[in-house]
Amino acid sequence: MDGRQASLLLCSSMALFASYSISGTTLRAPIRRTITRNARNPQTRLISALRLTGPCRAQARCRRSIPLVKCSTSATTTVDSILQTADDFPMLIDGKLRTKGSAGVSPVINPATEEPFAYAPSASIDDLNDAVMAAKGAFSSWSTLDYESKVAYLERFALEVKKDAENIATILTKEQGKPYASALGEIKASADRIATVSALGPLEAEVLHEDEKTRTEVHRVPRGVVAAITPWNFPVLIAASKAASALLSGNTVVIKPSPFTPLSTLALGKAAERADLPPGVINIVSGGDDLGKALAEHKDVRHISFTGSVATGKKVMATAAAGLKRVTLELGGNDAAIVLEDVDIGPAVSNQRNNCRTGI
């Protein structure tokens, strides 16, 4: 080990204990524990300042990037050399990649190490309003666009997701914890899901009654801005499924991923931007639980598609009722599997185990 490596090791060791300022409150605790606690309470104001004690001293702010850390020796390093910044994971708002959330940034924890490996932008209410307004503004032209053109856009979107599958899978493994092979399978399945939805065909009118005098038809029309709120377990697949279904039926979308797994979903925004989808058609914003609540309550959201817990689902339904919004809920539960006497037990158990992997 040379002198520089030894100095950096000393710097890292001394950095294990530090004085923090979080939401104006000063705490003294191990760095990893403090950041983890903050990450699991995303609505808390983010780490606003960091000053290391002992021979290694630094002043850092969770902004666009973190300044150089200087030790008492001549050795230097940067936190950015270890952690990816919010610049690497921009939000998508009105067709533009937005690297800075007005509410700052939030650390994303790798569950394998219980330590942060990257920062995600935290959207403020202003950022959210921009996203919803962009979706609302794009609705008129997108909803009247012919079906073939919508399919062409979605096919390009699916292709861009598939091209970047290995990169997105690596991100997903780091933030969610599933094995890389499973993560890669999810990303490829997400691209396939977008393509599959695109191949369903247009929604034709359904004839309920017809005779010599009357004809009764049901026409399904787009509703407007759809809020897609997704969980941590299959963040990309669920986001892609919600977005593709909403877009193909003429709606525009604002996606808000789980604060535990925002980065892989934000990567979908890059794919949508490369696919040159019309500005505002799909928007992706990241933040804590309060952001999801604000999105569901937004007056210009006409449909809420939520996947998550029963408790939160009840709140979403209550919120939707106040504005007479349509709701799609996919909630967790402990529903029994009914196995009859003539069933082959082996495949039945295997199928039930696979269904339980959702873990919502």
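Mentor: Start with Lys150. Lys150 lies over the face of Trp142, 6.0 Å from the ring centre. A charge sits over a ring if NZ of Lys or CZ of Arg is within 6 Å of the ring centre and within 35 degrees of the ring normal. This is a predicted model, so local features need pLDDT of at least 70 and side-chain atom pairs pLDDT 80 or more, while totals for chains, interfaces and linings use all residues. Residues are numbered from 1 along each chain as its sequence is written, and side-chain values use heavy atoms, without hydrogens and water.

Now the ring partner of Trp142. Rings of Phe, Tyr and Trp (its six-membered ring) pair if their centres lie within 6.5 Å; planes under 30 degrees apart are stacked, over 60 edge-to-face, the rest tilted. That rule gives 1 aromatic pair. Trp142 and Tyr153 have ring centres 5.8 Å apart and planes at 50 degrees, so the pair is tilted. The pair links distant parts of the chain, 11 residues apart: Trp142 belongs to helix H3 (residues 125–144), Tyr153 to helix H4 (residues 147–163). Helices here are DSSP runs (H or I, at least four residues; strands are E, at least two), numbered from the N terminus.

Cover differs across the pair. Trp142 is buried, at 2% relative accessible area. Tyr153 is partly exposed, at 22%. The cut-offs: buried is under 20%, exposed over 50%, partly exposed in between (1.4 Å probe, protein chains only).

The charged end of Lys178 sits over the ring of Phe234, 3.9 Å from its centre.
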